[in-house]
Amino acid sequence: MLRIGNILLCTGEAGKALDCFSEILGIGYSSDTVTAIEVANALYGRGCAQFCLFYLADAMKSFNESLNWKLAALGEDDPGLACIFYQMAHVYLEQSEHEEAITCFEEYSRLQKLESQRNLHDNAEICYAEGIVAKLQERQDDALSFYNQALAMFDTLFGGEHEKVASIHVSLVLWFYFQCISLPSNHLIMFCSVSSQFDIGCIHSAMNDHEDALGHFQICLLQRRRLLGCHVDVANVLYEMASIYAQQDRAQLAVKCMAESDRIYNTTLKNNEKLTSILLLSGKLWKSLAFYEPAQTNFEQALEQAITVYGQEHELVARILLSLGELLQEMNEMTQALFCFDESIQVRSKLDGQDSPSVGQVEYSKGVALLFHGKFEEASTCLNRALRIRQETFSDVDADTGDILNTLGFMQLRMGNVFGDEVMDPFMKALEIRRAVGNKSKVVSTLQNIASVYKKRKDYDACLDTHAEIVAVRQKDYGFDDLRVSDSFISLGNIQTIAGKLADANASYEEALRIRTLVNGYNHTSVAQVLFKIGSIHSRLNSYDDAKQLFEEYMRIRSDEEDDPDEEMAQALTLMGDLQKETNEKSKAQINWQSAMEIYEQLDYPDDHPKVLKLKMRQGTVESLRRTFFKKTNSTANIKEVNF
């Protein structure tokens, strides 16, 4: 019957396999003729079937029972235990219990290395496990090295015939099960090569090598589609690809991948622990893409699933409530958002204590939501409670403490308190922590907030120094030709313009232009935006011909866009009209001003908007001058006629 259970598992009949192994165990426990190893193997087979069905808690229970039987029969140093530790590690991975997973993978590697007759495949598996451990420990270079070694060994074993392999869950479950009961495993071992492609892609993604990651994911996707069809492992690849496309601002591709992965998950996973965690992750990605409806649907479905599987007082329930609250806040559903935050706090208070870091995390999110809805007093209460919890629990150099301090400073900035210590003190403390932690993107965020304070104080020298520091940080982090560096030069140029340092501003904009042209090409909207700013500088310097040429280039690039004109286009048309007026091209000026007026009307600007009023004044001034000119011309003609 063990063989029958194995065949059912091999052919994808996990439910029937589970029934078979359960029947075997019913017989085995009551029979004196069944050995301890046979019971252990049946328990292991049941665990594999449960894992394939994503009954994770049940699978872990089966693997633990199998381990206890084998420990009693074989001792703690027998390589025959390795497969159980490997499977337990994968269950922990699915449950996001990374420390426990690392412990199991390390024990697996130790036991495998005790095998006196290891072959190439065994060494490949050890490399693969060590790669997973390195990845979990965020040693990305080491992980990539281990995975590549494992992939090279699999290539040697199978000669590149990877189109015959399947996904990691089936491969690892079945191969170790086959090994456990001494059945042939050659075909199933080949699954690991596809898995290596997937894991190497994940490492490249973590290292921000997005194109390399996509290359590995695409290879893996093609192989898994061919072999598995509508399968969870196909959806996993699509999800990872969607994550990368989202980071690259390729929203259309991200949405396409997400829609297909959601369809597969909902088709193949029903009422189990895996679907709950997947829906939570998927909802977060939809939220990052600003697709709020599918995000809300996934969060609410995940919440319902989690309560059904775990009950209301469970950490996963609290986590989903927190994510749903953050989403509802962005959707301006504040009442519902606060309800979710309060429910999450209530669950975590019961589980971890009222002053636990997990409660502090929700208090922080609640405080941010209240801040952005202008409820500053309530926000201050939540944020200061979150700060107290973090400071009492962790060291002074704590990343989350830095986040809370930065938000407290930002709240003072939003309230208009820019001259007291209550705004600058939290920013400076946050900056110190973020520098110590080494999170450069958050260092830049705090520096930008500090620059905003200096700008509101009209302390332009300090503001310029801060923006120059932002440029230096980003150049060190991303190099000299990165678009984020270009954005920093734009911000620096804007402050230099306000401070009247037009030559310096022009130099900053020119550097931004160089970077954007290099990265995006000359005929790109981002380049046009810089041309607009440089044209404005030349206009203020009375270099009318240069300014007109720059605005003409700006409008030429923008004219190829499919999107409707925006405010920036209206401003460019207005400035072009101003330049034409200065160079006595008044008819052309009127045409451009009228075009700008039409854009403002399309954008639903009211008639009394300052920009609309200024445009009308420009048009009226030119029309008045025209009438005066013609009046004088006609008078002269009449005089000449009389004199004649």
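Does Gln412 count as buried or exposed, and at what relative accessibility? In this predicted model, Gln412 counts as buried, at 14% relative accessibility, because buried means under 20% relative accessible area. The residue belongs to helix α21, which spans residues 399–414. When neighbours within four places in sequence are set aside, the contacts of Gln412 are with Asn417, Glu422 and Val423.

An intermediate case is provided by Leu253, which is partly exposed, with a relative accessible area of 35%. Leu253 is located in helix α14 (residues 251–268).

Most residues other than glycine have a negative phi. Glu138, however, has a phi near 65°, a positive value in a residue other than glycine. Glu138 is situated in the loop between α7 (120–136) and α8 (140–158), and it counts as exposed at 66% relative accessibility. A positive phi is also found at Asn584, where the angle is near 60°. Asn584 occupies the loop between α29 (567–582) and α30 and is exposed, with a relative accessible area of 60%.

On the surface, Asp608 gathers with Glu598, Glu601 and Asp607 in a patch of negative charge.

Definitions and conventions:
Residues numbered from 1 in each chain as written. Predicted model: local features only at pLDDT ≥ 70, side-chain atom pairs only at ≥ 80, totals over all residues. Heavy atoms only, no water. Patch = residues over 30% accessible without salt bridge, like charges linked within 9 Å, V, L, I, M, F, W, Y side chains within 5 Å. Areas by Shrake-Rupley, 256 points an atom, 1.4 Å probe, with all protein chains shown as cover. Salt bridge = Lys/Arg side-chain N within 4 Å of Asp/Glu carboxyl O. Lys, Arg positive; Asp, Glu negative; His and termini not counted. Charge placed at Lys NZ, Arg CZ, Asp CG, Glu CD. Helix = DSSP H or I, 4+ residues; strand = E, 2+ residues; numbered from the N terminus. Buried < 20%, exposed > 50% of the residue type's maximum accessible area, 1.4 Å probe, protein only. Contact = heavy atoms within 4.5 Å.
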